[in-house]
Amino acid sequence: MGIHHDDHHHAPDGRGRALRLGVGGPVGSGKTALVAALCRALGPSLSLGVVTNDIYTTEDADFLRGAGVLDEERILAVETGCCPHTAIRDDIAANLDAVETLEHRFGPLDLVIVESGGDNLTATFSRGLADRQIFVLDVSGGDKVPRKGGPGVTSADLLVVNKTDLASMVGADLGVMARDASAVRGERPVMFTSIRRDPAVGDVAGWVAEQVRAWSHAHPAPLS
Amino acid sequence: MHPALLLLTDSRLPAGGHAHSGGTEQAITSGAVHDVPSLARFLRGRLHTAGALAAALAAAACAQAAGTPPATAPPHRLPGGQAGGDAGPWVTLDREVDARTASPAQREVSRTQGRLLLRVARRVWPSPVLDELARAVPHPHHPVALGAAAHAARAAPEDAALAVAYHAVSGPATAAVRLLGLDPVAVHGLLADLTPALGTVAADACMAVTTEHPPPHPKTAHAPPQPDPTDAGVRPDPAAPAAQPGSVQVRWAALPAYSAPALDLLAEQHARAEIRLFVS
């Protein structure tokens with residue numbers, strides 16, 4: 001393979017492009033709230049883009065635009081034809097297109113967040129779309145969810161358990177959730193949040209910032 | 001049929017097709033499609049209008065990708081060798097699709113699907129032809145991208161036409177299953193009923209827009225190629241390079257222009273809908 005070999009047929013190796021972070025999880029667990037919080041926390045220091053995968057219309061994109069956490073042109077919505085998991089796992093074409101559109105328009109970016117449509121526990125991001133992924137659960141879905149597992153719970157790079165402020169009201173035992181999660185996740189981190197109480201989501205934002213730093217260090221822009 | 005056709009028609013090809021209903025979602029919203037018989041009518045109409053047109057365009061694109069020069073002057077080329085701008089054949093063909101797609105929403109959706117398909121095809125079937133298409137038309141219409149991809153996969157124009165004809169009904173049928181909860185077996189029965197028509201549409205499309213040059217006869221192997229006698233009213237382009245024997249050429253003047261105003265209106269209404277699950 002010579003120096004002039006034109007390799008654009010192959011999957012890009014990630015050099016010089018933004019970290020692509022998938023945020024998935026069941027309906028209502030707080031994915032959009034987390035994305036908004038991350039934009040608020042990281043927006044001042046990083047160049048961001050967001051792709052949303054709504055079930056209906058452009059609800060999530062509209063929420064983010066309305067929240068004023070990011071220049072609204074940096075938020076793109078992808079329709080998923082009744083199959084949110086297909087759009088992030090089996091046929092990632094529309095999402096990749098949206099990610100690359102953002103990078104083309106506003107690049108170089110540091111981080112592109114792809115928020116999945118609300119789905120079930122079997123949903124997970126293709127590694128062809130997301131370099132890292134966060135799976136968001138909430139305590140009101142029941143404290144058995146981490147034990148039930150599924151690829152999002154077991155293999156996401158970060159598991160976020162949200163709405164801890166509701167735990168006492170729904171009878172969820174956070175200790176059980178933490179124990180069950182670590183049993184199926186091994187060393188991979190789990191963070192408990194209440195985005196309503198702590199909109200800065202300091203721990204999660206710190207984890208994401210560290211992922212971005214590590215990514216850009218490992219994938220420097222090629223010398224031109 | 002070339003085996004690559006199986007990949008090009010598979011709904012699992014990761015080129016974004018799963019999120020398109022081809023007007024079905026809006027037809028359901030409007031009430032026009034509400035059960036299996038009304039879906040059957042919708043699919044048959046779609047196949048013989050938008051499907052037949054897209055099949056012809058895909059066949060033309062596949063023949064174009066085969067690298068043979070146009071058999072006759074492209075319509076944008078003016079007499080006396082004056083080209084209408086410096087548009088190459090890909091740009092010209094792409095404009096032909098534009099001219100046949102009345103709805104702006106459909107044009108945009110077609111270009112989006114074409115771009116996604118081209119991206120997949122360039123990784124799956126790397127080819128200088130696809131590189132050239134991407135250079136000339138970065139956002140090609142879907143039938144153009146599919147025709148070129150079919151050539152890159154070593155399939156023939158009729159294969160490309162068949163793939164596009166199938167796309168014209170299979171995606172919309174699946175969308176109706178998802179949106180109306182129709183019996184999926186009954187809907188696949190509709191698709192099975194349409195298979196003879198798929199073959200006819202593809203063959204007709206291919207025959208209309210391409211001209212096959214027979215392999216050289218021993219006695220005439222060195223004779224100059226003759227103008228196609230079936231190309232009535234279309235002058236051969238004296239500036240075009242000679243056709244290669246055994247090759248397939250595009251008959252630009254024979255590109256059909258079937259229209260389906262109801263599909264155009266559905267596409268425009270869908271693009272303005274507040275609530276929708278599909279891109280188109």
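This is a predicted model: local features need pLDDT of at least 70, side-chain atom pairs count only at pLDDT 80 or more; totals for chains, interfaces and linings use all residues.
Local features were considered at pLDDT of at least 70 and side-chain atom pairs only at pLDDT 80 or more, whereas totals for chains, interfaces and linings use all residues. Residues are numbered from 1 along each chain as its sequence is written, with chains lettered from A and ligands numbered from 1 in the order in which they are written.

The contact (C-beta atoms, placed from the backbone, within 7 Å) takes 17 residues from chain A and 23 residues from chain B. On the side of chain A that touches chain B, helix 3 (84-88) and helix 4 (93-106) each supply at least two residues; helices (H or I, at least four residues) and strands (E, at least two) are DSSP runs numbered from the N terminus. The largest share of this side, 3 residues, comes from helix 4 of chain A. By residue class, the side of chain A that touches chain B comprises 7 nonpolar, 6 polar and 4 charged residues, where Ala, Val, Leu, Ile, Met, Phe, Trp, Tyr, Cys and Pro count as nonpolar, Asp, Glu, Lys and Arg as charged, and the others, Gly among them, as polar.

An unreviewed UniProt entry annotates a "binding site" that includes A:Val27 and A:Gly30; such annotations, given in the numbering used here with feature names shortened, may be inferred rather than shown by experiment. A:Val27 lies in the loop between strand 1 (19-24) and helix 1 (31-42) of chain A, and A:Gly30 is placed in the loop between strand 1 and helix 1 of chain A. A:Val27 counts as exposed because it has 12 C-beta neighbours inside 10 Å, whereas A:Gly30 counts as buried because it has 24. Residues up to four places away in sequence aside, A:Gly30 touches A:Val136, A:Asp138, A:Asn162, A:Lys163 and A:Ile195.

How values were computed
Two residues are in contact if their C-beta atoms, placed from the backbone, lie within 7 Å. A residue is buried if 20 or more other C-beta atoms lie within 10 Å of its own, exposed if 12 or fewer, and partly exposed in between; C-beta atoms are placed from the backbone.
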